[in-house]
Amino acid sequence: MNLSSSTTDWWIYIASACLVGVTIIYYFCISTFSKWEKLNVPYIRPIPLFGNFVRVALSKDHPLEFYNKIYYKFAGLKYGGLFQMRTPYLMIRDPEIINNVLIKDFSSFPDRGIYSDLAANPLSDNLFFMENPRWKTIRNKLTPAFTSGKLKTMYDQIKECGDVLMTNIDKCLRGGNEEIEVRDIMGKYSTDVIGTCAFGLKLNSISDDESPFRKYGKSIFIPSLRTLFRELCLMVTPSLLKVVRVKDFPTDATDFFHSAFKETIAYRLENKIVRNDFVNCLMQARNELTLNANLPKEEKFSESQIVANAFVMFAAGFETTSTTLSYILYELALNTSIQDKVRQEFQLKLSNSDGQIDNEFLMSLNYMDMVIAETLRKYPPLIALFRKASQTYRLPDNLILEKGQKIVIPIYSLHFDDKYFEDPQKFDPERFSPENKDKRPNGVYLPFGDGPRMCIGKRFAEMEMRLALLEMLSKFEVLPCEKTEVPLKYSNKVLTLMPKHGIWLKFQKIA
């Protein structure tokens, strides 16, 4: 009898413990979900743990579909609440508020609010992730690398990479390969450009398929379940990343870039090499922020942070530019009348400039700039911008946001809102004529972000794209082929617009 009673008590104890455990877990899963209701903010009803993010978490939807659905559910409203897993975000739809957040009231939203476990990911301790005031300190040191004067001096270096690109496209055609996967070949071109202009390195990625910079550069952007799992852990709670220690990038790629950039700096120091480039700015930052014995400890930067900023400039410099170039070629292949107009513009300008091509010539290609701008509208490098309130902030209608509140600005959705861009699925460069640009409010076209945290390499990327397009379209007509996917499908495992099956196009030599 006593034994039976003891067994019953044991099972009651286990059942009670399980019930308590399940209750605690359930409460944890829903503990943030009353946020918007308490503030009387319209919101999308969440489900435990996953919030509104369940289809993205299961790789059923791309994040752009997630943001689009929510954007249109809040149609007519200035903002609305949502939950990325357990994390409450306020989606801002109103252009005026967007401008306030990014520019006018930037001091209240200086940080992206994107967490990374820096102990496990030292290369993530860079300009993109850093918070104020350290972000501002390193940004001020690196900005001089991209002045107008510096960009002019880079023209010949970019031109040299463009010449190699043309040689290799020719080689593909002579080998009978008219159909080319353009993301790959544009990626090689951009890798060489950022290598030579920013780091003084002759990488030869265009000709060398075994180039380690190209190999490891590609590996950090390959969609993977690891990347998705990391994002989900972050949205459940940032502290979870400290437990699971998920890497932002593959370990071998991290080790390679860390060694490569440290060796580049050491080689220049040892050989007293001075070049007017990005590495030189980094080395000056190192002298002032790392080696300066008079600097207070809390203001110092580590050697690892200097290397991390070299890495982010390399990674962003080749990936976003090469992907945008690929999308430009894709749209021009599908819209040959626009392609012809681009070609006619620079042929006309060439005849008026005695065939002289330089940086000033590139800057004069207004229609080409309109084509680039329209491509960035349809295929923005980031589908959303994130910010975090650094202090209590009052919105125009008196909603109070507490310190630490995260905000999402849905770039892709704004770019496809027919309120701002009529017939948004159509590729129409005329949207960016001076008169049409003036009709649109600020805050609805944000391919590079806006305000003090706007992309530091914007003008460099535009110059690189102009020169590549001038070279290619002067010599080749770009057309769709059997492998061209219309419409393109994107990988669901990343937060960017990465074509699932690449971008295949046909190149025909112009007689």
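This report describes the overall build of one predicted protein model and then some of its individual residues.

## Basis of the description

Because the model is predicted, local features are described at pLDDT of at least 70 and side-chain atom pairs count only at pLDDT 80 or more, while totals for chains, interfaces and linings use all residues. Residues are numbered from 1 along each chain as its sequence is written, and side-chain values use heavy atoms, with hydrogens and water left out.

## Overall build

The secondary structure of the protein comprises 20 helices and 9 strands, where helices (H or I, at least four residues) and strands (E, at least two) are DSSP runs numbered from the N terminus. The radius of gyration of the protein, 25 Å, is close to the 24 Å that the globule rule gives for 511 residues, so the protein is as compact as a globular protein of that length; this radius is taken over C-alpha atoms, and the rule is 2.2 Å times the number of residues to the power 0.38. Along its principal axes, the C-alpha trace spans about 105 × 55 × 50 Å.

Of the 511 residues in the protein, 53% are buried, a term that means under 20% relative accessible area, with exposed meaning over 50% and partly exposed lying in between (1.4 Å probe, protein chains only). Among contacts with a separation of 6 or more, 74% come from residues 24 or more positions apart, and a contact means heavy atoms within 4.5 Å.

## The annotated transmembrane region

An unreviewed UniProt entry places the feature "transmembrane region" at residues 12–30; UniProt positions are given in the numbering used here, feature names are shortened, and annotations may be inferred rather than shown by experiment. In the model, the span of residues 12–30 is 100% helix and 0% strand, and its end C-alpha atoms lie 27 Å apart.

Thr32 lies in the loop between helix H1 (2–30) and helix H2 (35–38). Leaving aside neighbours within four places in sequence, Thr32 is in contact with Phe83, Arg86 and Pro88. The C-alpha atoms of Thr32 and Thr87 are separated by 7.1 Å, although the two are 55 residues apart along the chain.

## Helix H9 and its surroundings

In helix H9 (residues 212–219), the buried residues are Phe213, Arg214, Tyr216, Gly217 and Ser219. These buried residues pack against helix H8 (182–199), helix H12 (251–270) and helix H14 (303–334).

## The annotated binding site

The unreviewed UniProt entry also gives the feature "binding site" at Cys455, a residue found in the loop between helix H19 (434–439) and helix H20 (458–475). Cys455 counts as partly exposed, at 36% relative accessibility. Apart from neighbours within four places in sequence, Cys455 is in contact with Arg139 and Phe448.

## Backbone details in loops

A cis peptide bond, with omega about 5 degrees, joins Asn132 and Pro133, and Pro133 lies in the loop between helix H5 (95–104) and helix H6 (134–142). The peptide bond from Val486 to Pro487 is cis too, with omega near -5 degrees, and Pro487 lies in the loop between strand E8 (476–479) and strand E9 (504–509).

Leu49, although not a glycine, has a positive phi of about 70 degrees; Leu49 is placed in the loop between H2 and helix H3 (54–57) and is partly exposed, with a relative accessible area of 24%. Lys272, another residue other than glycine, has a positive phi near 50 degrees; Lys272 is found in the loop between H12 and helix H13 (278–289) and counts as exposed at 71% relative accessibility.
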